[in-house]
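Visitor: Please take one part of this structure and go through its surroundings closely. I would like the cut-offs along with the description.

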Amino acid sequence: ASMTLGGFGSADDMEENDEEGLLTASFFANDQTVTLEQRIGDEVEVFLASPSACTDHDLTGQVVWPVARLLALYVYSERSFFHSKRVLELGAGVGLTGLVAARYAQKSVLTDGSESVLKILHENVAQARRTLGRDVEAAALNWEAPLREKQMPAIIEKLGGMPDIILGADVVQWPEALEPLMDTVSELLSRGNSSAYFACGLVARSKWLRNELFRLSSLHNLQVSVWPHVEEAIRADEALRSSNDRASMEILLFRHPPSHVT
């Protein structure tokens, strides 16, 4: 279930100077990995991750951000939707959300554009295949058009067809990534079936960034709804209740109108 958002908000409404909430490359450096355990629903996910963030913004995917846990809880809560589905995760990082989706999906491919992050992601995916028997793979995917066009056919082949569900947790961080992200999402949804959708775990760190996401969604003729159970999920989860991001986290669902799908 979801409730539809009202207007997208125009570019004139955006606060161009609202940049204080945008992430900058001011993270603590750490290139070590640790084994983490996180319970999502009735199973515990065991995976490698970095214990803290990195000064290189390209490596932020090595960390499990709180909204990735929220999106994983969304997957668990809506798991009946994932049965017999092909799932593609964008900007998967260490893969927590996609690994949970792989419990239920017919096939899952978890992607990231960072070579360093992909090393961890490949290890986590291999572990899930080997010990849990999940049908999941990892692959490189850059959202910029030239590379995306080269990489996408192999990913679609791995999936066995166009994705039914696209996932992305905290992928709306960097202003320069917004347009290629939404280009990628729109292309995938346009080529998929009429029920395909993109579930995005968003932390609204900046009004400008959120408004820009909605503006680009409107340009791509994407309808947006919000998962209405975020507050309930946060209240029920100790880790999310203690997160500094708890008040700004949401799950947005993007779809093309049925007539738009080819």
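Guide: Y74 is buried, with a relative accessible area of 2%; buried means under 20%, exposed over 50% and partly exposed in between, with a 1.4 Å probe and protein chains only. The model is predicted, so local features need pLDDT of at least 70 and side-chain atom pairs pLDDT 80 or more, while totals for chains, interfaces and linings use all residues. Residues are numbered from 1 along each chain as its sequence is written, and side-chain values use heavy atoms, without hydrogens and water.

Leaving aside neighbours within four places in sequence, Y74 has contacts (heavy atoms within 4.5 Å) with F82, Y197, A199, W227, I251 and L253.

The whole structure holds three aromatic pairs. Rings of Phe, Tyr and Trp (its six-membered ring) pair if their centres lie within 6.5 Å; planes under 30 degrees apart are stacked, over 60 edge-to-face, the rest tilted. Y74 and W227 make an edge-to-face pair, at 5.1 Å between centres and 85 degrees between planes. Because Y74 belongs to helix α1 and W227 to the loop between β9 (223-226) and α7 (230-235), the pair ties together parts 153 residues apart in sequence. Helices (H or I, at least four residues) and strands (E, at least two) are DSSP runs numbered from the N terminus. W227 is also buried, at 3% relative accessible area. Ring pairs join Y74, F82 and W227 into a cluster.

Y197, one of the contacts of Y74, has R255 over its face, 4.6 Å from the ring centre; such a charge has NZ of Lys or CZ of Arg within 6 Å of the ring centre and within 35 degrees of the ring normal.
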